[in-house]
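My notebook is open, and I'm jotting down what I look up, one entry at a time.

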Amino acid sequence: MNVNQIINMILRIIMRKAINGGINAGMKRMSGGRNAQRQMPPPQQQPQPPQAQEGPTRQEVRAARRARRAAREAEAQRKG
């Protein structure tokens, strides 16, 4: 056996264990077993309303665009 084959063998073993562990955890959680409920993470806080998470409102964006246009026009008039 060369080094490449040994490395591949070890990686396959590690990946098999990791994948099987994830599948087993998912199956336990889906089946609703006692241990699965104990291992579940505590519920997180509810996300804020979408408006609070997103950026500016449409009105704010439009006002900002108007302000930029007005500033560009004023700059152009000053130069020209």
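Entry one, the charge pair. I looked up Arg-78 and found a salt bridge with Glu-75, where the closest N and O atoms are 2.6 Å apart. The term means a side-chain nitrogen of Lys or Arg within 4 Å of a carboxyl oxygen of Asp or Glu. Why can such a pair form? Side chains of opposite charge can pair when their charged atoms come close. Arg-78 and Glu-75 are 3 residues apart in helix H4, so about one helical turn separates them. Arg-78 is exposed, at 65% relative accessible area, and Glu-75 is partly exposed, at 32%. My cut-offs: buried is under 20% relative accessible area, exposed is over 50%, and partly exposed is in between (1.4 Å probe, protein chains only). I noted 1 salt bridge in the structure.

Entry two, where this comes from. I'm reading a predicted model, in which local features need pLDDT of at least 70, side-chain atom pairs count only at pLDDT 80 or more, and totals for chains, interfaces and linings use all residues. Residues are numbered from 1 along each chain as its sequence is written, and side-chain values use heavy atoms, leaving out hydrogens and water.

I counted 4 helices and 0 strands, and the pattern along the sequence reads α-α-α-α. Helices (H or I, at least four residues) and strands (E, at least two) are DSSP runs, numbered from the N terminus.

I found a positive patch made of Arg-58, Arg-62, Arg-65, Arg-66, Arg-68, Arg-69 and Arg-72. Arg-65 lies in helix H4, residues 58-79, and is partly exposed at 42%. Then I found a nonpolar patch of Met-1, Ile-6, Met-9, Ile-10, Ile-13 and Ile-14. Ile-10 lies in helix H1, residues 3-31, and is partly exposed at 44%. Patch members have over 30% relative accessible area and no salt bridge; like charges are joined within 9 Å, and nonpolar side chains (Val, Leu, Ile, Met, Phe, Trp, Tyr) within 5 Å.

Key
Accessible areas come from the Shrake-Rupley method with a 1.4 Å probe; for residues, only the protein chains shown count as cover. Lys and Arg count as positive and Asp and Glu as negative; His and the chain ends are not counted. The place of a charge is taken as NZ of Lys, CZ of Arg, CG of Asp or CD of Glu.
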